[in-house]
Amino acid sequence: FEVEHVSLAKKADLFMVAPATADIAAKLAYGICDDMLTTTFLACECPKYVVPSMNTRMYNNPVTQDNLNRLSQYGVHVIRPESGYLACGDTGTGKMPEPEVLFGYIEREIARPKDMKGKHVIVTAGATQESMDPVRFITNHSTGKMGFALARECVLRGADVCIVKASVSAEVPGFCTVVEALSAGAMYEEVMRRASLADYIFMAAAVADYTPAVKADHKIKKKDGDLSIDLSRTKDILKDLGLNRTDNQFLCGFSMETENLEENSRAKLIRKNVDMIVANNLKDPGAGFGTDTNLVTLITKKGSTHLPLLSKEDTAKAIVDAALAR
Ligand code: CTP
């Protein structure tokens, strides 16, 4: 014999009420059970989310606010509404976030075991821009996709993730702290400032090795004949991380090669004193910049693992699995 609302409650991994009216929020806050929804909610022991969506005046009413705060105190996650055009014709706070946004919360809660809970992660992503004058810079083709996939994977596993991003065209993942660092020099500062607190650092950004020696204050005007500009070396972030690393820190670098992939990448692993190099051969179809897939070899002191052609999401999963299995 099964009581319907209890058996349903036992099966659930997560319970989200979206949209939650003022009436439902009030009932849930006080344990009133007079229908299937409210009885099941009370019987559920899984993570619970309430997404209040209603008219602005109803939402702002202290009674509603008290009810929502009361739900928070009981451990229910309250996803606050957005501002916008509401069903009643008014414009203001009370709009339910888009279903994709709500799905993001569900995914974060249940998509993966939380094997990175409490861990601090830094992921760098994108292409640095090295200015030569106020209008021009030297950059590369990195879009940020691989770094973002890694950040997202770590978020799903419960980590606290900071993305240090240069120029990107991919969409920044949710639930991360995002710090902008456009040039190699700025990225050096932002990463070093945070490094000592990080358990894992994934240097997925394509950082310039050289920057214009002089950054002109004014636009460089053309003249007859050719122009050459002097470049100076940037500071190698990963190498300095390797020099100053703490014992339990995991450092992961990336390597793009067009020849002698393993040999060059292994040399990088040793030279920069890091735990893993994710190497990809730019000549392989489906690998490298801008694609949704990647074809990489994971290089550690123990050996090399060739991964098949995978989506960047699955590549990220394999990289994080390898980092955790260290
Ligand atoms: N990197 C860095 N700081 C730099 C340059 C690169 O931290 N100033 C990091 C990148 O984020 C990446 C790795 O180092 O994780 C790449 O190493 P690098 O020696 O720059 O490799 P490539 O440029 O691919 O190799 P090479 O110049 O030796 O061909």
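In which loop is the place of phenylalanine 175? Keep that residue in mind; the tour comes back to it.

**Before you start**

This is a predicted model, in which local features need pLDDT of at least 70 and side-chain atom pairs count only at pLDDT 80 or more, while totals for chains, interfaces and linings use all residues. Residues are numbered from 1 along each chain as its sequence is written, and side-chain values use heavy atoms, with hydrogens and water left out.

**Show the whole chain**

Display the protein as a cartoon. The chain has eleven helices and 19 strands; these are DSSP runs numbered from the N terminus, helices being H or I with at least four residues and strands E with at least two. Along its principal axes, the C-alpha trace spans about 80 × 50 × 35 Å. Of the 326 residues, 43% count as buried. Here buried means under 20% relative accessible area, exposed means over 50%, and partly exposed is in between, using a 1.4 Å probe and protein chains only.

**Select the ligand**

Now centre on the ligand. The space it takes is the largest pocket. A pocket is an open set of points, on a 1 Å grid over the protein atoms alone, where a 1.4 Å probe fits, with protein on both sides within 12 Å along at least five of seven lines. A molecule sits in a pocket if more than half of its atoms lie within 2 Å of the pocket's grid points.

Helix H9 (237–243), strand E14 (250–257) and helix H10 (261–271) are the elements that give two or more residues to the shell around the ligand. Colour E14 separately: its three residues are the largest share of that shell.

Next, show the side chains of the shell. It holds 16 residues, the closest being Met203, Ala205, Leu238, Phe254 and Lys268; a residue is near the ligand if one of its heavy atoms lies within 4 Å of it. By class, eight are nonpolar, two polar and six charged. In this scheme Ala, Val, Leu, Ile, Met, Phe, Trp, Tyr, Cys and Pro are nonpolar, Asp, Glu, Lys and Arg are charged, and the others, Gly among them, are polar.

Then look for polar contacts, pairs of N or O atoms within 3.5 Å:

- Alanine 205: a polar backbone atom is 2.8 Å from an oxygen atom of the ligand.
- Lysine 272: a polar side-chain atom lies 3.0 Å from a ligand oxygen atom.
- Aspartate 209: a polar side-chain atom is 3.2 Å from a ligand oxygen atom.

The protein covers 77% of the 580 Å² of accessible area that the ligand has on its own, as computed by the Shrake-Rupley method with a 1.4 Å probe.

**Visit the backbone**

Select asparagine 260, in the loop between E14 and H10. Its phi is near 45°, a positive value in a residue other than glycine, and at 46% relative accessibility it counts as partly exposed.

Back to phenylalanine 175: its place is in the loop between strand E9 (160–165) and strand E10 (177–180). Here phi is near 65°, again positive in a residue other than glycine. Phenylalanine 175 is partly exposed, with a relative accessible area of 35%.

Now jump to proline 19 in strand E1 (residues 15–20).

**Last stops**

Finish at leucine 197, in the loop between helix H8 (184–195) and strand E11 (200–203). Leucine 197 counts as exposed because its relative accessibility is 66%.

Notes. A polar contact is a pair of N or O atoms within 3.5 Å; within protein, one must be able to donate a hydrogen and the other to accept it, and residues adjacent in sequence count only if both atoms are side-chain atoms. On a 1 Å grid over the protein atoms alone, a cavity is a set of points where a 1.4 Å probe fits but cannot get out, and a pocket is an open set with protein on both sides within 12 Å along at least five of seven lines; lining residues have an atom within 4 Å of a point.
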